[in-house]
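I opened my notebook to write down, step by step, what I looked up in this protein structure. I wanted to begin with the strands, go on to a helix and end with the charged side chains.

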Amino acid sequence: MDITIRRARDEELDGIGELTAQVYLGDGLLDFGDSDPYLTTLRDARRRAAEAELLVAADAASDEVLGAVAFAVYGGAYAELARPGEGEFRMLAVRAESRRRGAAEALVRACLDRGRALGLRRIVISSQQSMTAAHRLYGRLGFVRAPERDWSPIAKLELTLWAFTVEL
């Protein structure tokens, strides 16, 4: 594999925030487009790096950042669904031109490995219903739907995020 997984570096954080925002915009994942209030959160990679583990997939030869993900554990500021003994990852984003190289899978596997290293028993994640390519990846890696944990971050929008879990 020509991808390296590592923690984000301070000098990369602004670029990672913009990468994440542009992926969500480009993939049509924000209901209000350029004016979506979630863009502020997506762009704030500095906060993610301070309050969670911000991992990047980098090209092994050039060290260019191809994608990123935030890994959090129960009780952390970035944990939305995790319960005691669980971890989760959020804001998984890979540049459109870097897809199909295995970056997303490598990032998810790194989160699973991190959970195992911490002695967690499960990883739980949220995903928009339209993210079918991500769902296929999660299924290949052992995640199963957990509809009893589906939730809506903004009730008035009628946006229900699907929950998936994998036992470690």
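The entries below follow that order, and I keep in mind that this is a predicted model.

**Entry 1: strand 4 and its neighbours**

I first asked how many residues of strand 4 are buried. Strand 4 covers residues 86–94, and nine of its nine residues are buried. On looking for its partners, I found that strand 3, residues 65–73, pairs with strand 4 in the antiparallel sense over six bridges, and that Gly-67 stands opposite Val-94 of strand 4. Strand 5, residues 122–127, pairs with strand 4 in the parallel sense over two bridges, and here Gly-87 stands opposite Ile-123 of strand 5. I then looked up the handedness of the unit made by strand 4, helix 4 (residues 103–117) and strand 5, and noted a right-handed β-α-β unit.

**Entry 2: helix 1**

I checked the length of helix 1, which runs over residues 13–26: at 1.5 Å a residue its 14 residues should span 20 Å, and because its end C-alpha atoms are 20 Å apart, the two values agree. Among the buried residues of helix 1 I listed Leu-13, Ile-16, Leu-19, Val-23 and Tyr-24. What covers the buried residues of this helix includes helix 2, helix 3, strand 2, strand 3 and strand 4. Just after helix 1, I noted that Gly-28 takes a positive phi of about 70 degrees.

**Entry 3: salt bridges**

I wrote down a general point before going on: side chains of opposite charge can pair when their charged atoms come close. The count for this model comes to 22 salt bridges, and I looked up three of them.

In one, the side chains of Glu-12 and Arg-9 meet at 3.7 Å, N to O. Glu-12 has 13% relative accessibility, so it counts as buried, whereas Arg-9, at 33%, counts as partly exposed. I also noted that Arg-6, Arg-9, Glu-12 and Asp-63 are linked in a network of salt bridges.

In another, Arg-46 pairs with Asp-14, the closest N and O atoms being 3.1 Å apart.

For the pair Asp-113 and Arg-116, the closest N and O atoms are 3.2 Å apart. Both residues lie in helix 4, three residues apart, about one turn of the helix. I recorded Asp-113 as partly exposed at 47% relative accessibility, and Arg-116 as partly exposed at 44%.

Conventions. Residues are numbered from 1 along each chain as its sequence is written. This is a predicted model: local features need pLDDT of at least 70, side-chain atom pairs count only at pLDDT 80 or more; totals for chains, interfaces and linings use all residues. Side-chain values use heavy atoms; hydrogens and water are left out. Buried means under 20% relative accessible area, exposed over 50%, partly exposed in between (1.4 Å probe, protein chains only). Helices (H or I, at least four residues) and strands (E, at least two) are DSSP runs, numbered from the N terminus. Two strands pair if DSSP finds at least two bridges between them. A crossover is right-handed if, with the strands pointing away from the viewer, the path from the first strand over the helix to the second runs clockwise. The expected span of a helix is 1.5 Å times one less than its number of residues. Contact means heavy atoms within 4.5 Å. A salt bridge is a side-chain nitrogen of Lys or Arg within 4 Å of a carboxyl oxygen of Asp or Glu.
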